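Dear colleague,

I am handing over a structure that will be new to you. Please look through the sequence and the model below before reading the notes that follow.

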Amino acid sequence: MTIKKEEGRESARIEHCPSCNSVLTKNNIYFCRGETPRVYVECAECGIFVARYALISYTSDKSYESLLRKMRFTRANSGKRTMKMIEGFETSVKKEFEHVLELVKTDEDKRHVEDIIAEDYSNEED
Ligand SMILES: [Zn+2]
């Protein structure tokens with residue numbers, strides 16, 4: 001992700017509840033061994049299902065070094081796969097976060113998430 005806004009290539013939007021239009025949501029994260037973790041987004045206002053995300057990787061608010069230290073204490077053999085899934089917090093992540101917030105604030109994409117995916121990602125290579 002680039003920090004400068006690329007016209008026509010990127011957009012951002014806050015998830016809205018399809019029922020009450022609230023932007024307040026709860027992320028319920030489901031873990032089952034052998035399956036990709038999934039996030040079930042629930043409306044914090046009315047409790048309805050908003051969306052489900054597959055969790056490919058997780059970026060923590062903790063630095064990579066502190067994560068390594070933490071995992072050494074809790075598990076003797078934290079595998080390579082685990083460390084590939086968990087990303088440490090870096091300055092670039094903070095910049096991306098601020099960039100997305102700025103996009104939402106100044107030029108929020110008004111389309112539904114499904115429409116953004118259908119319209120902007122239909123020509124992407126698999
Ligand atoms: Zn709602």
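How many helices and how many strands does the chain have? The chain has four helices and five strands. Please bear in mind throughout that this is a predicted model. Read from the N terminus, the order of the elements is β-β-β-β-α-α-β-α-α.

Two figures describe the chain as a whole. Of its 126 residues, 2% are buried. Among the contacts between residues at least 6 apart in sequence, 53% join residues at least 24 apart.

Three strands make up an open sheet, arranged in the order 1-2-3 with antiparallel pairing. Strand 1 (25–30) and strand 3 (49–54) are at the edges; each has a single partner strand, so one side of each has no neighbour in the sheet. On average, and with direction ignored, neighbouring strands of this sheet are turned by 20° against each other.

The pairing can be followed residue by residue. Strand 1 is joined to strand 2 (residues 38–43) by six bridges, and the two run antiparallel. Tyr 30 has Arg 38 as its bridge partner in strand 2, while Lys 26 stands opposite Glu 42 of that strand.

Is strand 1 largely buried or in the open? Of its six residues, the number buried is zero, so strand 1 lies largely in the open.

**The segment before strand 1**

Two residues of this segment deserve a note. Asn 21 is found in the segment before strand 1. Its phi is positive, at about 70°, although Asn 21 is not a glycine. For background, most residues other than glycine have a negative phi. Asn 21 is exposed, because 10 other C-beta atoms lie within 10 Å, and a residue counts as exposed at 12 or fewer.

Val 23 also has its place in the segment before strand 1. With 13 other C-beta atoms within 10 Å, Val 23 is partly exposed. Leaving aside residues up to four places away in sequence, Val 23 touches Ile 14, Glu 15 and His 16. Val 23 and Ala 44 are 21 residues apart in sequence, and their C-alpha atoms are 8.4 Å apart in space.

**Helix 3**

Helix 3 (residues 91–107) has 17 residues, which at 1.5 Å a residue should span 24 Å. The C-alpha atoms at its ends are 24 Å apart, which agrees with that expectation. None of the 17 residues of helix 3 is buried, so this helix, too, lies largely in the open.

With kind regards

Note on methods
Residues are numbered from 1 along each chain as its sequence is written. This is a predicted model: local features need pLDDT of at least 70, side-chain atom pairs count only at pLDDT 80 or more; totals for chains, interfaces and linings use all residues. Two strands pair if DSSP finds at least two bridges between them. Axes are lines fitted to C-alpha atoms, for helices over the stretch in contact, and angles run from 0 to 180 degrees between N-to-C directions. A residue is buried if 20 or more other C-beta atoms lie within 10 Å of its own, exposed if 12 or fewer, and partly exposed in between; C-beta atoms are placed from the backbone. Two residues are in contact if their C-beta atoms, placed from the backbone, lie within 7 Å. The expected span of a helix is 1.5 Å times one less than its number of residues.
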